[in-house]
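Visitor: Please pick one part of this model and take me through it closely. Give me the cut-offs as you go.

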Amino acid sequence: MKAEVFLPDDYRPAEDEPFMNDRQTEYFRRKLLDWKHSILEETASTIEGMKDGTRNIPDIADRASEETDRALELRTRDRERKLIAKIDSALRRIEIGEYGYCEETGDPISLKRLDARPIATLSLEAQERHERREKVHRDD
């Protein structure tokens with residue numbers, strides 16, 4: 001088990017330090033865990049709201065509006081469920097020392113990209129290539 005890494009509250013990964021050193025990996029680990037925790041809290045409140053919100057609405061337009069809102073909320077929660085799986089995958093990559101490196105090229109993913117999208121698995125260049133290929137094949 002690794003020793004706990006001291007991380008100041010104002011710490012931000014910098015380009016002038018070794019890539020994915022203990023402080024950087026701890027920073028991203030905490031960022032991912034906080035993100036996951038907030039999603040799980042939102043999900044719990046949604047579930048509670050749906051339990052409490054079950055009621056008989058006589059007006060057909062109001063009922064349709066509420067059902068549309070529920071469907072949208074459930075779609076959002078489904079997307080977040082998939083996001084949690086990606087967060088868990090990123091946390092596993094941190095544990096095995098593969099976090100921060102492009103799955104396609106093995107090159108480091110920029111710190112700015114990781115800070116903006118901590119679940120990124122491809123460098124910006126590899127992601128752009130992937131999206132171009134996807135667009136070409138989708139147009140067929």
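Guide: What follows goes from a pocket to a helix, then to the ring pairs.

This is a predicted model: local features need pLDDT of at least 70 and side-chain atom pairs pLDDT 80 or more, while totals for chains, interfaces and linings use all residues. Numbering runs from 1 along each chain as its sequence is written, and side-chain values use heavy atoms, without hydrogens or water.

Start with the second largest pocket. A pocket here is an open set of points on a 1 Å grid over the protein atoms alone, where a 1.4 Å probe fits, with protein on both sides within 12 Å along at least five of seven lines. Its space comes to about 170 Å³. That volume is what probe spheres set on the points fill, with points joined across faces, edges and corners. Lining residues have an atom within 4 Å of a point. Among them are Lys86, Arg113, Arg117 and Gln127. By class, the lining has four charged, three polar and three nonpolar residues. Charged means Asp, Glu, Lys and Arg; nonpolar means Ala, Val, Leu, Ile, Met, Phe, Trp, Tyr, Cys and Pro; the others, Gly among them, are polar.

Helix α2, residues 60–96, gives the most to this lining, with three residues. Helices are DSSP runs of H or I, at least four residues, numbered from the N terminus. α2 has 37 residues and reaches 54 Å from its first C-alpha to its last, close to the 54 Å expected. The expected span is 1.5 Å times one less than the number of residues. Arg93 lines the pocket and is also one of the buried residues of α2. Buried means under 20% relative accessible area, exposed over 50%, partly exposed in between, with a 1.4 Å probe and protein chains only. Other buried residues of α2 include Glu66, Arg77 and Glu80. Gly97 follows α2, with a positive phi near 85°.

The structure holds four aromatic pairs. Phe19 and Tyr101 have ring centres 5.1 Å apart and planes at 85°, so this pair is edge-to-face. Rings of Phe, Tyr and Trp (its six-membered ring) pair if centres lie within 6.5 Å; planes under 30 degrees apart are stacked, over 60 edge-to-face, the rest tilted. Phe19 sits in the segment before α1, and Tyr101 in the loop between α2 and α3, 82 residues apart. Phe19 is partly exposed at 25%; Tyr101 is partly exposed at 31%.

Terms used: Helices (H or I, at least four residues) and strands (E, at least two) are DSSP runs, numbered from the N terminus.
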